[in-house]
Amino acid sequence: GKDEGQMDLQAIVDDIASMMAPRLGEGRVADYIPELANIDPRQFGLAVTTVDGQTFHSGDATTAFSVQSISKVFMLTLALGKAGESIWKRVGREPSGSAFNSIVQLEHEHGIPRNPFINAGAIVITDMVLAGHKPREAIGEFLRFIRFLADDESITIDEKVARSEQATGFRNFALANFMRSFGNLEHPADLVLGTYFHQCALAMSCVQLSRAGLFLANRGTNPLTGFSVVSPKRARRINALMLTCGHYDGSGDFAYHVGLPGKSGVGGGILAIAPGKASIAVWSPGLNKVGNSALGSEALEMLAIRTGWSVFGN
Ligand code: GLN
């Protein structure tokens, strides 16, 4: 078998980055806002932070990118901390089988989104975190939480990306107002979405993201700081949601090929968790048909094969 102690993770991440080098630019960059459409697609970064606190990275792993939907994992963690299991009265835990921004299922299920990782579900989660706060305070709390998780005060939110989402996010406004009509949104759509667009506009590098996700690989405790973020049981449950719902209607395919809990974003990033082993972040802006990083998904499959990491046995 593969002994973690003997595995040369630096050689593995370097190998994967060099295999991706001739393919940079594959896929299609998200183009719904100019700030994402103008990103150079010829970039690839990979970072692995192990539960003993070492980071191995290669390629553009220190370049900050728009984490977009990956932020939904961290906002869910905050909401669970505030409201506990009561959040499940307002959002489900089933894969959607539809696109990330789909509205179709909401009417049949009375404004209760399928899961916290599609847009509708994430908007409800943000509404919960907003309770008792102004959007500015909720955004501040979110950013402080991320900096605490990554143990990095330099992380910021890209205001230009947030503003441009605000100006063009008509479908998110439709989702929010539709849920409000069913009584599943406590705050006006513009307040919730003002917060949601800022959380999506969080800018992080693969190195920072792999560190921020490390608590999920280490039974809820961040080994870099020693702080307990969530209980071991909650870490397992967040991982379960990432495995089943983290890649929209590509979640089954990601589980089949990579075999790890993961969450993707339209910025081309993916956070993947190897429980008990490591937190992994990959970024390459070109997306595949279901809106997940094309090279990023393949790189994670290579990494899973090379390391033997899988939640399904090795
Ligand atoms: N901000 C994007 C949106 O709400 C995030 C979507 C994503 O990363 N899939 O449309």
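Strand S3 and strand S5 (residues 202–204) pair in the antiparallel sense over two bridges. Ser-66 stands opposite Ala-203 in S5. This is a predicted model. The chain is divided into two domains, domain 1 (4–65 + 205–307) and domain 2 (69–200). A ligand lies between domain 1 and domain 2, because both give residues to the shell around it.

**The three-stranded sheet**
- S3 and S5 belong to an open sheet of three strands, in the order S3-S5-S4.
- Pairing in this sheet is antiparallel.
- Strand S3 (65–66) and strand S4 (156–157) stand at the edges.
- Each edge strand has a single partner strand, so one side of each is left without a neighbour in the sheet.

**Domains and their contact**
- The C-alpha centres of domain 1 and domain 2 lie 21 Å apart.
- Domain 1 puts 31 residues into the contact, and domain 2 puts in 29 residues.
- On the domain 1 side, the elements that give two or more residues are helix H2 (34–37), helix H10 (206–212), helix H12 (232–245), strand S6 (262–264) and strand S7 (269–274).
- H12 supplies the largest share of that side, six residues.
- By class, the side of domain 1 that touches domain 2 has 16 nonpolar, ten polar and five charged residues.

**Ligand shell**
- Which residues surround the ligand? They are Gln-68, Ser-69, Phe-100, Asn-101, Asn-119, Glu-165, Asn-172, Cys-200, Gly-265, Val-266 and Gly-291.
- The shell divides into three nonpolar residues, seven polar and one charged.
- Domain 1 and domain 2 both contribute to this shell, which means the ligand sits between them.

**Packing of H5 and H9**
- Helix H5 (residues 119–130) packs with helix H9 (residues 189–200) at an angle of about 105 degrees.
- Their axes are 9 Å apart.
- H5 and H9 are therefore roughly perpendicular to each other.
- From H5, the contact takes Ala-122, Ile-123, Thr-126, Asp-127 and Leu-130.
- From H9, the contact takes Leu-191, Val-192, Thr-195, Tyr-196 and Gln-199.
- The residues of the contact of H5 with H9 divide into six nonpolar, three polar and one charged.

Methods:
Residues are numbered from 1 along each chain as its sequence is written. This is a predicted model: local features need pLDDT of at least 70, side-chain atom pairs count only at pLDDT 80 or more; totals for chains, interfaces and linings use all residues. A residue is near a molecule or strand if its C-beta atom, placed from the backbone, lies within 6 Å of it. Ala, Val, Leu, Ile, Met, Phe, Trp, Tyr, Cys and Pro count as nonpolar, Asp, Glu, Lys and Arg as charged, and the others, Gly among them, as polar. Domain bounds come from an automatic or database domain assignment. Axes are lines fitted to C-alpha atoms, for helices over the stretch in contact, and angles run from 0 to 180 degrees between N-to-C directions. Helices (H or I, at least four residues) and strands (E, at least two) are DSSP runs, numbered from the N terminus. Angles under 35 degrees count as roughly parallel, over 145 as roughly antiparallel, 65 to 115 as roughly perpendicular and the rest as oblique. Two residues are in contact if their C-beta atoms, placed from the backbone, lie within 7 Å. Two strands pair if DSSP finds at least two bridges between them.
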